[in-house]
Amino acid sequence: MSHTTDQLLVIHPTAGHQHRATVIFVHGMGQLNTTWEAGFVKELAGRFPSVKWVLPQAPIRPVSWNQGMLRPSWFNVWNLPPTPSEYDEESIKKSVSTIQGLIRREVDAGTNVKDIFLVGFSQGAATSLCAGLTSQDEIGGIVSLSGWIPEAHRHASPAIYRAPPFPILWCHGTNDKEIPLSYGRDAEGFIKALSKEGASPGLQAGVITFKTYEGLDHSTNDTELEDVAAWLSTQLQS
């Protein structure tokens, strides 16, 4: 059963199942958390009855790419694909703080931090990656669906990015025009460079699993959903 609190949507573990883990799912620009709850997340929730799903809702703000129209957005975007110099510092900081706050809330409620996962689509993936890779909380992992890591944020906050001590699943369509596959590959290189520099003893080679989907545009498909389900199942069994 799900419920909302100030637009935060929560799907609790199925009755009779003990809470095993929490997935925080972060939607993309212009989207509603209820849309994902009714589709992609609903399908996953049915397969993981012991998982709690937390779906935050982005605030409504002017989006420059849409001629300043008000849309749900984690931060402002001027172009699609976003240019390297774009940087809505204030909104990114607030959105990252929101996601990190949800992680801490779960920990404070008794959930082991390693049993908390971030999953995001597009701008939600970018926000999840910025939050997870700059947090001191060693969460269970991150899933990026058609995501990227804003280049300007990397340069503005280099001291707080760290080698991820957790696995990352990266899913990206080959025909994505809004966030091209090259943006995903660029972020993969950035994370691998962090891993080399960080030399974390707990970090293993292959921490990033990068999957591409031939012909897929800026969306998801059934194959991607199956890959996310398989990855999450592996993490929950480890």
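## Burial and backbone at the serines

Buried means under 20% relative accessible area, and Ser-122, at 8% relative accessibility, therefore counts as buried in this predicted model. Ser-122 lies in the loop between β7 and α4, where it has a positive phi of about 55 degrees although it is not a glycine.

Ser-146, in the loop between β8 (141-145) and α5 (151-156), also has a positive phi of about 55 degrees without being a glycine, and it is buried, with a relative accessible area of 0%. Most residues other than glycine have a negative phi, and most peptide bonds are trans.

## A cis peptide bond

The peptide bond that joins Leu-80 and Pro-81 is cis, with omega about 0 degrees. Pro-81 belongs to the loop between β6 (69-72) and α3.

## Nonpolar cores

The largest nonpolar core has 39 residues, and those with the most contacts inside it are Ile-24, Leu-133, Ile-149, Ile-168 and Ile-191. Among the elements that give two or more residues to this core are β3 (21-26), α3 (89-108), β7 (116-121), α4 (123-133) and α6 (181-198). Leaving aside residues up to four places away in sequence, Ile-24 touches Val-54, Pro-56, Leu-102, Ile-103, Ile-116, Phe-117, Leu-118 and Val-119.

A second, separate core of 29 residues includes Phe-25, Trp-53, Val-143 and Leu-169.

## Cysteines

The count of disulfides is zero. A disulfide requires cysteine sulfur atoms within 2.5 Å, whereas the sulfur of Cys-130 is 18 Å from the closest cysteine sulfur, in Cys-171, and is therefore too far for a bond. Cys-130 is buried at a relative accessible area of 2%, and Cys-171 is buried at 0%.

Notes. Residues numbered from 1 in each chain as written. Predicted model: local features only at pLDDT ≥ 70, side-chain atom pairs only at ≥ 80, totals over all residues. Heavy atoms only, no water. Buried < 20%, exposed > 50% of the residue type's maximum accessible area, 1.4 Å probe, protein only. Core = buried A, V, L, I, M, F, W, Y, C linked by side-chain atoms within 4.5 Å. Helix = DSSP H or I, 4+ residues; strand = E, 2+ residues; numbered from the N terminus. Contact = heavy atoms within 4.5 Å.
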